[in-house]
Amino acid sequence: MNRLPKTLLLITLLAGLLPAQDLATVLKKGQAVYAATCTGYCHGESGAAGSAPRLSGRGFDQAYITGVVTRGVPGTSMPAFNSGISAADRAAVIAYVASLNGIVSPSLGAAVSSTPATAKLTGEAARGRALFYDATRSFGRCSTCHEVDGVGIPVAAPIAKIPADVAALRALATPNVLNVTVAGESMPALILSRKAQSVVFYDLTVAPPVLRTVAASDVRIGEASPWRHASAIASYKDSELSPILVWFQASRAAKN
Amino acid sequence: MTRWLLLILIATTAQAQTPLDGATRADWPHNGGQQSAWRYSALDQVNTSNVRGLAPAWLFQTGDYADNLQATPIVVDGVMYLISARAQVFALNAATGDVIWQYKYGEPRSGTPGTHADFILNRGVAVGGGKVIFGTKDSYLVALDQKTGREAWKVAVDDPRQCGCNLGAAPLIAGDKVIIGGNGGEIAHRGYLTAFHISNGRLAWRWYVIPGPGEKGNETWKGDSWKFGGGAPWMTGSFDADLNTVYWGTGNAASDFYDGDRSGDASKYPNLYTASIVALDADTGKLKWHYQEVPDDLWDFDSAYEVILMDRVVKGQPRRILAHMNKSGLTTVLDRVTGEHLGVFNVPEMSTWIAGVTEDGKLIGRKDPKPGTVVDVCPSSVGAKSSNAMAYSPQTGYLYIPTVETCNAISSTDLPPEEGKRYMNGGHPLKVAPGHSDASHIDAWDPVTGKRIWTVPYKYLLLSSMLATAGNLVFTGDPDGYFFALDARTGEKLWKFQTGAGNRGAAISYSVNGRQYVAETTGWQQGITGGFASNLFPDQSWRNGSTLVVFALPEATK
């Protein structure tokens, strides 16, 4: 296992303005975030160069590091770490990289903020969330068509109304799914746009939905399709759909 | 130890058949030339006697200077289809470079930072069934109308925000289907291949590299490790229409440098079907057979690379075989009908990760990285060869292999997986192999005898694909910017041209109205392997770019 480098311990001792405990904890956390996120195919261990440039001993100041971490470097593989990472983790890794550049008492910012990032889901809600995104179901998972909290494919419109129970979830009415005919073949379709030139729709025949763009003259749009939401969620048992609804409710409650 | 060579060739019943023809002619229809991945053109207008007269005929600048231009162009009926790093697609008049249509993919959905979703690159389009098809950074597969460049269909293969994966490889056309693999070998992710119907984009099948519970092979994984065990087949496979079989190399097991969660014992938990060559039924995606090159991989030694299909006489018998190089440089020859192991040879000069390999391909004396230790092994995780493809010439019978000689000191960690996040578990600082003043060489190998025929050194890291032609020429480019031609029989350098930026792409050859062209994609990539190479030689500054350079003999001399 990695041990905290001696320099960090030294920095910890020298950083008189901050509670030593906080700084040491944050740098240790930052080092762990760095190891899990920045090393491997990009920057090397402890800021050594990997495929991406060296980060230690470059004379970077913390404002520069913060800017690059949050905005990325456009046109390169360095992404903007402004989503997919908690503010606390981001602040910790910035402090760690600052320490690699000789900054003895880096600003810790959100790394020691007392406000928790997001309330951790527990019990049924956590299970429901995991089931919603369950990769072992391949294209049978809910997130094949639904995006929630930024994760999932936004085929359907955002979930506005939470079904009352599992039966209602299975029996969900889908009046927007119409029967569309292309070159003599009928298919269930969710129409996104109808223009003079072309029609853009999702073909729901098999998951995953296929976004198709077809010349308007080649498409005939018919009545409501016999397609049913129940068929799309057939891989889930009632006992699995129930926690998904619990998660929806918990998530809604947390936002309100 | 510098080299082992152990090859046994077993004669079986000969099958009467027309030998597979993997050569291209006027067109360059698939990523590997033909679907057998030879990267060999039967055109010989440009040859050893006149190659010195080769000169630029036209250039094309994509204008997308994100980083690099790595894609293998496709040419069909005098039209070239080219994709840039950020998925701008161009249809060009292949004789003049004039734009016929262009398409620009929108801003991709952001993925989880620190994962493969960061990579800005695209290795090529596939053309078939009237469509031009490509994968995207945010894991969509997109099909354009071949005549107009308008979007025909688009389908989400995965969600980059969940999987940490993306699609960088060129898709493979197999009959009426298009098959795409994805990146994600260094991520807590379960790799797969997915096939779609070309006509309408509907799912045809998905094959998971790692079998699920109840499926054969799942028992080769400890506990739940199959869920995040990697294996992503991130390059392009091959297709034998006669056998209706798709061949693909799979990625390394995850985490890369620590196996405590998934194995700990290569014989008990080999982690199927990672680091393997697999043969799948093209219609159903069902596994026909497999051959695992590196059981319980601990060195990031993918098998994700080109699978070269050829028919050769082996021990007096004509056989349908394939040749495949693992990232370690171990190169395996199999019967492609049955999967029977026919031989193995080792291409890099410096190999220390194992003591050797038995005649039937078993690894001996593994140097396994373990947490708390630093294990110095060659080759490095950059590979003896990685995504840049070799070429095969039926004229000489040789494979042309760009080979890198580097080593790395692997220090492992034992962090647990978190879905869609980096799951590499270790550092691996790189160096040029001790005793090697040159970091690369281009070799010619006979896959049937397992013998190296010639070798040509190169100072830095060669990361471009090879092209072989019936003019007895082998073309490739280097990071310094030189695109050059070697004599396929001897390795003698016959011609070179400074293209102005590092070469990291793939050359092709084609003809329009009887004139042969040789095209090279140029523009170094400062990220991923290109970045490793650049950081090994900090006094060099290899230039990014995104320009296609097309050569031909002057009209009067052809």
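Two strands are taken as paired if DSSP finds at least two bridges between them, and helices (H or I, at least four residues) and strands (E, at least two) are DSSP runs numbered from the N terminus. The structure is a predicted model, in which local features need pLDDT of at least 70 and side-chain atom pairs count only at pLDDT 80 or more, whereas totals for chains, interfaces and linings use all residues. Residues are numbered from 1 along each chain as its sequence is written, and chains are lettered from A and ligands numbered from 1 in the order in which they are written.

In chain B, an open sheet is formed by 4 strands in the order β12-β13-β15-β16, with antiparallel pairing. Strands β12 (172-174) and β16 (203-208) of chain B lie at the edges with a single partner strand each, so one side of each has no neighbour in the sheet. Strand β12(B) is joined by 3 bridges to β13 (residues 177-181) of chain B, and the two run antiparallel. Within this pairing, B:Val178 of β13(B) stands opposite B:Ile173.

The contact between the chains draws 44 residues from chain A and 47 residues from chain B, two residues being in contact if their C-beta atoms, placed from the backbone, lie within 7 Å. On the side of chain A that touches chain B, the elements giving two or more residues are α2 (20-37) and β4 (210-215) of chain A. The most is given by β4(A), with 4 residues. This side of chain A comprises 22 nonpolar, 19 polar and 3 charged residues; Ala, Val, Leu, Ile, Met, Phe, Trp, Tyr, Cys and Pro count as nonpolar, Asp, Glu, Lys and Arg as charged, and the others, Gly among them, as polar. Strand β4(A) is also joined by 3 bridges to β11 (residues 151-156) of chain B, in antiparallel orientation. Here A:Leu211 has B:Lys154 of β11(B) as its bridge partner.

Chain A is assigned domain 1 (6-112), domain 2 (123-171 + 230-255) and domain 3 (177-227), with bounds from an automatic or database domain assignment. The centres of domain 1 and domain 2 of chain A, taken over C-alpha atoms, are separated by 36 Å.
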